[in-house]
Amino acid sequence: MAARVSIQTEDFDLSTEVARLREVDKGVGAVCSFIGTVRDRNDGQSVSTMELEHYPGMTEKSIEAMIDEAHRRFDIFGARVIHRVGLLQPLDQIVLVAVTSAHRGQSFQACEFLMDYLKTQAPFWKKEQTPEGARWVDARVSDDAALARWGISATNS
């Protein structure tokens, strides 16, 4: 069985990851995926680089728990989360969430649930380099609201 969670500095390939998920179960009728990328601006300021840090071991455990929760909530076959760390440039891929199920609705919901959870609860720290210098990126109130629709409260604001 392939790993469900990878925290890595290397880039990833969507086609390869989806193929690995699909080969596990011939009942897969739907695959939903999301890729997040580094933007060249945030909150009205130019961003030249983004650096992501994490707490090894704790991060993987946290994401594994959220995948377990997605399996409890949705009728899915598999899920894969890859999150990059280290120094990234605009347009670099940061995160992949991919989910398989028999039907599209469950895949879409589980993929969105996992992304909402990742944005607010996974232990990552992001630092952006702007013309004014480095700044840490805080979670947004809108991210908390997105998670709240799943019945999970967060107070990152």
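## Reading contacts, cores and rings

Student: What is I63 in contact with, leaving aside its neighbours within four places in sequence?

Tutor: In this predicted model, I63 is in contact with V5, I7, V81, L118, A122 and F124, with those sequence neighbours left out.

Student: Which residues touch the most other members of the largest nonpolar core?

Tutor: That core has 32 residues, and I63, V97, V99, F113, L114 and L118 touch the most other members. Helix 3 gives the most to this core, namely seven residues. Apart from it lies another core of five residues, including L21 and I82.

Student: Why is the pair of F113 and Y117 called tilted?

Tutor: The ring centres are 6.0 Å apart, and pairing requires centres within 6.5 Å. The planes meet at 50°, while stacked needs under 30 degrees and edge-to-face over 60, so the pair is tilted. Both residues lie in helix 3 (residues 104-121), four residues apart, about one turn of the helix.

Student: What makes Y117 count as buried or exposed?

Tutor: Buried means under 20% relative accessible area. Y117 has 19% relative accessibility, so Y117 counts as buried. F113, at 0%, counts as buried too.

Student: Which residues do ring pairs link into a cluster?

Tutor: F74, F113, Y117 and W150 are linked that way, and the structure holds four aromatic pairs.

Student: How do you know whether H83 is buried or exposed?

Tutor: H83 sits in strand 6 (residues 76-84). Its relative accessibility is 6% and the buried cut-off is under 20%, so H83 counts as buried. Among the residues H83 touches, beyond those up to four places away in sequence, are S6, L52 and F124.

How values were computed
Residues are numbered from 1 along each chain as its sequence is written. This is a predicted model: local features need pLDDT of at least 70, side-chain atom pairs count only at pLDDT 80 or more; totals for chains, interfaces and linings use all residues. Side-chain values use heavy atoms; hydrogens and water are left out. Helices (H or I, at least four residues) and strands (E, at least two) are DSSP runs, numbered from the N terminus. Buried means under 20% relative accessible area, exposed over 50%, partly exposed in between (1.4 Å probe, protein chains only). Contact means heavy atoms within 4.5 Å. A nonpolar core is a set of buried Ala, Val, Leu, Ile, Met, Phe, Trp, Tyr and Cys residues joined through side-chain atoms within 4.5 Å.
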